[in-house]
Amino acid sequence: MPEIGNEHDYFWDSKNMEIFKRISENSYIPATKILLENEIKATFSFSGTMIEQANEYCPEVIDVFREYFKSGLGEILDETYYHSLAFLLDKDEFINQINEHKNMVKRTFGIVPKNFRNTELIYSNYIGDIVSSLGYGTILAEGTDKLGKSPNFLYKAESGINLLLRNYRLSDDISFRFSNQSWNEFPLAADKYANWIKQTPGDFINIFMDYETFGEHQSKETGIFEFLKYLPVEFSKNNINFLNVNEANNFEGHGKISVKDPISWADTNRDLSPWLGNPMQREAFGKIRSMKDNKNKKLWRYLQASDHLYYMSTGDQSDQEVHEYFNPYKSPYNAFLYFMNIINDFESTQW
Amino acid sequence: MKIGVIGWELPPAFSGGLGIHTINIFSILNRMASITLYVPDVPGLNEKYPFKVHKVGLNYMAKNHEHTDGHNKKMESYYNGNLKFEDKIRIYNKNVIKAVDPEVDAIHCHDWITFRAGIKLKKKYGIPMVATVHSTEIDRSGNFFPQKHIMDIEREGMEIADKIIAVSDYTKKIIVNNYGIADKKIEVIYNGLDPNFIGMEPKDYGLQKSVLYFGRVTTQKGPYFFLEAAKKTISKMPGIKFIIVGTGDLINQMKKDAENFGIVKNVVFTGFVHLQEKLYYYRNSDIFVLPAVSEPFGMSVIEAMSTGTPAIISNTTGVGESLRNVFKCDFWDTDYISEYIIGILKYRGLRETMGINGQIEAKGFTWDKSAIKTMEVYNSIVG
């Protein structure tokens, strides 16, 4: 442990490379090829950090995505470049990171995103207002039960921006439950899934998930790629069309939704607790906040990646298992100590 | 179902780990089965217990040997008196064999100190035998010159037992690897939290500048590594106190080591303490450290956690295998131990998060669970 954070060497490069290469091979590359070959429409949101890592560790990922977007099947959303909780720091910082992201997408793929999703689908009126003022047409959010609305229609936020709500049941059927043998719907095949969609009332269904679902969280041995390949076949049998976010805007709005306290797509509570739920996370985030005048803005922003806080989470047992799956340090307490070592070094350095 | 339990320690006469285990688990088991506990007749035992207690005299040989001084034969306690420890065990086991009712459905032995009687009773009457292993000679010696004659008794008892209860998976592995016992014969049943530690108030996480070692000061528990980590910590945070609560054969050596390390001013030796003081130290420390070389379970870990104090423990501490809210590292890795100590002292958020979650986690170890699982073991061997 003592090594990380010394001599300003903050990045666990070997681990980043190992993980990025593994996921590229298991997921990003084969899954995107399937989307292209089978003419499946999809909307993506990449953090800037992810694109940087792709350029460094596996440029083929960028090539595969470029080809996919050239086909016209895909759409790209904006988010914060650093996959951060910048909206909690200050408005200008949030906007800066969105603009940096916009430039990155334009540079990398020649596309200017029209729609937005915030880190981990975190949404509130406040976030909606800022994003709306930047000219985006739609923002994505979690269709949590608290809202008391069907996620299968188009809504408007207070600010007038369109709101798309994730259908978490039908999304999680793929991303969490697909290979769960104790699930009473196991095994899930494309025909069954198409049938569920057909029977679901509403204008459209928002299926949002980690892209790593395809080939990484659900390994290829689970049959996830076959499932993906057969979706268009079964969809067309049932007259179901794939929609990108921008196309969903054409549906009629079903009223306004107001969200005062931030909601997210993570853990059972669907709030900010996976990142700021315990005193340790709040201490770490407070430290980030206190350093906003630091001269090394780039490093300060890397440190804002929400994952750092996520690894420190200590929720209930079932949430905890999800966190540990993603946590390279295994223990939330180790994650905290590594992070604070780095923060202390960062703070005491004259950049 | 009638169970004859061959014990050794029983509070309040002595409150070592085995004693705490015995009183807690059999109080509950006696509601499911009829328990008779055999223990040495020593001063300090209560008149009544929540289960039948048969006190077995320890004094036969003492009578033959001397008593010119008019020494009261009742004065033989577990670890003091005229007899050598191993002689006491021999006499006790011999007397237990005579005392046990051969009509019991099973005998339940605890550690090698009671194995000889169990072995004999099983051979003589064919009574099914359960052996709980609270610790092995490998643990107690810190795997440093284990005594062969004791390991032989342990092995014979384990072999002849119908079922073995190990207090952790860590101990189960030692039983399989060092004693050659088939793993399907071994059930892992964790200890519970002593009722004295249930229902503690949430703690205030203000810095107390104090780090606690609590336990016997013996090779097994790794007090040397505590001191070495203390030295490394003090070089960066000079104002921290390191408190060693407990006593044992290494106590003088540790005092010397503290001197050699130049940290005498920072290290406090309290000697043996009773329950109220024990609670005080657990609660009024920022961190509890157990760098045990080999600890089958580690009751003190969940006790400390139940008071809200974060714990740093060795990978060779059994209870750690099912704990999330602790720091774990190798017992000898005092760089890590010190790094963890400094982190917990430095960050209130870390203290608080580990402490609060640890307090909840420790409550999950209940004697009810241990008793029910033990009952299942009885059921599996009593036809």
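**Chain B, then a sheet in chain A**

I started with burial: 50% of the 383 residues in chain B are buried (20 or more other C-beta atoms within 10 Å of a residue's own, placed from the backbone; exposed is 12 or fewer, partly exposed in between).

Before going on, I noted that this is a predicted model, where local features need pLDDT of at least 70, side-chain atom pairs count only at pLDDT 80 or more, and totals for chains, interfaces and linings use all residues. Residues are numbered from 1 along each chain as its sequence is written, while chains are lettered from A and ligands numbered from 1 in the order in which they are written.

Next I checked the extent of chain B: its C-alpha trace spans about 65 × 50 × 40 Å along the principal axes. I got a radius of gyration of 21 Å for chain B, which agrees with the value near 21 Å for a compact globule of 383 residues (taken over C-alpha atoms; the rule is 2.2 Å times the number of residues to the power 0.38).

I listed 14 helices and 13 strands in chain B (DSSP runs numbered from the N terminus: H or I of at least four residues for helices, E of at least two for strands).

Then I turned to chain A, where 4 strands make an open, mixed sheet in the order β3-β5-β4-β8 (strands pair if DSSP finds at least two bridges between them). β3 (138-142) and β8 (253-257) of chain A are at the edges with a single partner strand each, so one side of each lacks a neighbour in the sheet.

I also looked at β4 (residues 154-157) of chain A, which pairs with β8(A) in the parallel sense over 3 bridges. Lys156(A) has Lys256(A) in β8(A) as its bridge partner.
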